[in-house]
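Open the model in your viewer and keep the sequence panel beside it. Each stop below gives a selection and what to look for there.

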Amino acid sequence: MPLIARPQSGRQQLIVAVDTADPAAARQLCTRLAPEAGLLKLGLEFFVANGPAAIRAVAGEAPVFLDLKFHDIPNTVAGAVRSACAAVRPAMLTVHASGGAPMIRAAREAAEAAGGDRPAVLAVTVLTSLDAATLSETGVAGGPAQQVLRLARIALDAGADGLVCSPHEVSRLRDAFGEAPMLVVPGVRPRGAAAGDQARTATPAEAIAAGADWIVMGRPITGHADPVAAARAAVAEMPR
Ligand SMILES: O=C(O)c1cc(=O)[nH]c(=O)n1[C@@H]1O[C@H](COP(=O)(O)O)[C@@H](O)[C@H]1O
């Protein structure tokens, strides 16, 4: 069962996060941006408002990254992965690495059992919105980089195909785990763009140079007056 191919370079490495509850706006963004990107990411905001059938309706034939960040007991996550595979046929989906090894294993097994082209199971490590102080309030000592490495080891040993991390941890993950894990990297901001609620950020050029396979960008593209031009500018920045 083939997984999504690792992108070579350029626009294949861009994932656009289409975060809106409005199906007409989502459809317009997807139609305009699918030719500019490797995947379209649809997540909680769109899914909760519109459901799984609407994801296929707005994305068409474009590969979809279904970002619902499952985090529950293994049986429930396995069921959610089965349902997601049947309803959306995503190329990628997310679970929280902090759900632990049995949960991640259950997600991988459910993805394998779905048949056809199974989705890549990505484990979200430490959210890019968390800085060291906010993370430590949750009881995690040692800072984001240490926690990302800890969760990455658990996730990869339990069968995750890849990891979601901030640009700040990419080179450390490559040093520790080599080329094998797919690294999907949000928290990416062109120079001068508003960080918003993102805490651990870098530019598209920095994230790709550090070893990201894909970068995820939402608002700097979808909130731009010309989303196609913003997507092309991000791709133009990437080292080849
Ligand atoms: O799993 C994700 O994609 C994700 C993980 C993470 O740690 N941080 C993060 O921002 N994301 C997602 O990446 C996208 C970033 O959007 P912007 O901040 O608008 O570029 C959002 O859809 C987030 O849900």
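What is the mean pLDDT of the protein, and what share of its residues reach 70 or more? The mean is 97, and 99% of the residues reach 70 or more. Here pLDDT is the predictor's confidence in each residue, from 0 to 100. For the complex, the predictor gives an ipTM of 0.99 and a pTM of 0.98.

This is a predicted model: local features need pLDDT of at least 70, side-chain atom pairs count only at pLDDT 80 or more, and totals for chains, interfaces and linings use all residues. Residues are numbered from 1 along each chain as its sequence is written.

**Stop 1**

Now colour the shell by class.

**Stop 2: Lys 69**

Stay in strand 3 and select Lys 69. An unreviewed UniProt entry places the feature "active site" at Lys 69. Such annotations may be inferred rather than shown by experiment.

Is Lys 69 buried or partly exposed? It is partly exposed, because 16 other C-beta atoms lie within 10 Å. The cut-offs are 20 or more for buried, 12 or fewer for exposed, and partly exposed in between, with C-beta atoms placed from the backbone.

Show its contacts next. Leaving aside neighbours within four places in sequence, Lys 69 is in contact with Thr 94, Val 95, His 96 and Val 124. Contact means C-beta atoms, placed from the backbone, within 7 Å.

Check the backbone too. Phi of Lys 69 is positive, near 45°. Most residues other than glycine have a negative phi.

**Stop 3: Arg 89**

Go to the loop between helix 4 (74-88) and strand 4 (92-96), and select Arg 89. Arg 89 also has a positive phi, about 50°, although it is not a glycine. It is partly exposed, with 19 other C-beta atoms within 10 Å.

**Stop 4: the core**

Select Leu 40, one of the residues with the most contacts inside the largest nonpolar core, which has 77 residues. Such a core is a set of buried Ala, Val, Leu, Ile, Met, Phe, Trp, Tyr and Cys residues joined through C-beta atoms within 7 Å. Beyond four places in sequence, Leu 40 touches residues including Val 16, Cys 30, Ala 59 and Phe 65.

**Stop 5: two alanines**

Select Ala 101 in helix 5 (residues 101-113). Not counting residues up to four places away, Ala 101 touches Ile 154, Asp 157 and Ala 158.

Finish at Ala 152 in helix 7 (residues 144-157). Ala 152 is buried because it has 25 C-beta neighbours inside 10 Å.

Technical notes
Helix = DSSP H or I, 4+ residues; strand = E, 2+ residues; numbered from the N terminus.
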